[in-house]
Amino acid sequence: MRTMVRIGLPAVFGAVLHTAYNLTDAVFIGLLPGGAPQAVMAGIQISWPFVWFLVSFIGGFVGAVVTALVSQNVGANRPDEANLALNQLFMVSVVGSIVLGAIGFAFMPLVLRAFVSEPSVTLQASLYMRVIFLGLPTMMVPQLFAGALQATGDTLTPLLFTLVGVVLNIPLDAALVLGLWGFPQLGITGAAIATVIAQAVSSAIFLILFFRGRGALRLQKSLFRVRRAWLAKTLRIGVPAALGNSSVAFGFVVMMTGIGHLSNAVAALSGYGIADRIFGLLFIATDGLGVGLTTMIGQSLGAGLLDRTREVARRGIQALFLIVVVEAAFVYLARMPLLRIFIHGSSAGAADSLREGARFIELFSASMPFLSAFFAAQAIYRGSGHNVPSMILGILRLWVFRIPLSYLFAFILRMGSDGVWIGMSASNVLSGLVALGYLAWKGGWQRSRIDAPAGTP
């Protein structure tokens, strides 16, 4: 447990910094004059599932493979194989993000009009997403390198580089969103530009570091050409994760589309958007501990220590449960003060957004302890490199539980936005119970995914 916390603690602070990107946007957008903040926040909230859907296939593929192969080869004392995985995935990440960025820039405005009925939200989302898609490679590269370092147990270096981006993003957001210090007031477009610039700086620092070399990991042009034998292995590991991620991402697209068709769509989207960012901040400790759990599972399996692998999994599940229970209690008790940090003014729009955000927190927080089992299962499967169960759990959570239940309560039973929040909470309970049962029933995650050393029977 102590080792898990040691590895995960820098990742916790790293997640704080990543969340600061979204929170910074929300804070400055909340200061926009007139009725703009609610429509702009709704636009950002509807944007991210679409962005996530387009990047999730390549991102899920790269993330799953780099985590499994780097951590397990490090555990097996094979630095050359770990470095090969990094270089091969670097090229996949760069090419994939350029292609996906071009597709998103060209087609997303049309797609949004088909999925979202509120014109003010569609306009704001289009402005935001086109800038984000142009800068997509700057977001993929830091994720790849951070994942590779975390797989070696180094979670401090990604933290420091993320700090640079966040520190730069704050004044850029203030300048470009609100039009301070002589800059034009660009609103949601300014938030997107600030994010891309900050991520580009982080990408440049990572590239310099890895071309010079970081431990056993180094970018080498001679290793950029994808090898067929290596590709077959990565497809077995990466495709299930990519399919799982993209199906989950599209599930969130459908969820946001459903919310976008409610009678109070702007209030529901903006209130949910703020509450979702609050939960994102609270899940930071969970995410950080999950990184530690993933790394220790991968390295323990790579070293052939099966008893230690099982013990790590057991303690990780327990720790995540306790942390999430505390988080749930805190966010429920402090929901109104937390929401008022981001929702200002006494207009009818602000009051509606505040009410929807508070109601979502009330219902969602009750299901969070069950969600901890889902988080633990995902971390365990990532570390072991067995991503089919992770894909199955992700699909179950959204497509079997969350989307049907939310539609049932919101539209068939006509409970409106309350029905959506109830359906989301019920999906957490059901998916957490299924995750625990699947871990106990299917023990395949206890097998390593790397080849045995030469001469091993």
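**Salt bridges in a helical protein**

Arg314 and Glu311 lie three residues apart in helix 11 (residues 306-333), which means that about one helical turn separates them. In this predicted model, their side chains meet in a salt bridge, with 2.6 Å from N to O. Both partners are partly exposed: Arg314 has a relative accessibility of 39%, and Glu311 has one of 30%. The general principle is that side chains of opposite charge can pair when their charged atoms come close.

The setting of this pair is a protein with 16 helices and zero strands. The protein comprises 457 residues, of which 57% are buried.

The mean pLDDT of the protein is 79, and 83% of the residues reach 70 or more. Among the elements, helix 16 (residues 416-441) has the highest mean pLDDT, 91, whereas helix 1 (residues 2-29) has the lowest, 62. Over residues 451-457 the pLDDT stays under 50, and for this stretch the model has four contacts beyond four places in sequence.

The discussion now returns to the charged side chains. In the whole structure, a search finds seven salt bridges, including the pair in helix 11 described above. Another is formed by Asp352 and Arg355, whose side chains meet at 2.7 Å from N to O. These two residues are three apart in helix 13, and therefore about one helical turn lies between them. Asp352 is partly exposed, with a relative accessible area of 28%.

Which residue forms a salt bridge with Arg335? The partner is Glu362, and the closest N and O atoms of the two are 3.1 Å apart. This pair links distant parts of the chain, as Arg335 belongs to helix 12 (residues 335-340) and Glu362 to helix 13 (residues 348-365), 27 residues apart. Is Arg335 buried or exposed? Arg335 counts as buried because its relative accessibility is 19%, and the limit for that class is under 20%. Glu362, at 26%, counts as partly exposed.

Definitions and conventions
Residues are numbered from 1 along each chain as its sequence is written. This is a predicted model: local features need pLDDT of at least 70, side-chain atom pairs count only at pLDDT 80 or more; totals for chains, interfaces and linings use all residues. Side-chain values use heavy atoms; hydrogens and water are left out. Helices (H or I, at least four residues) and strands (E, at least two) are DSSP runs, numbered from the N terminus. Buried means under 20% relative accessible area, exposed over 50%, partly exposed in between (1.4 Å probe, protein chains only). pLDDT is the predictor's confidence in each residue, from 0 to 100. Contact means heavy atoms within 4.5 Å. A salt bridge is a side-chain nitrogen of Lys or Arg within 4 Å of a carboxyl oxygen of Asp or Glu.
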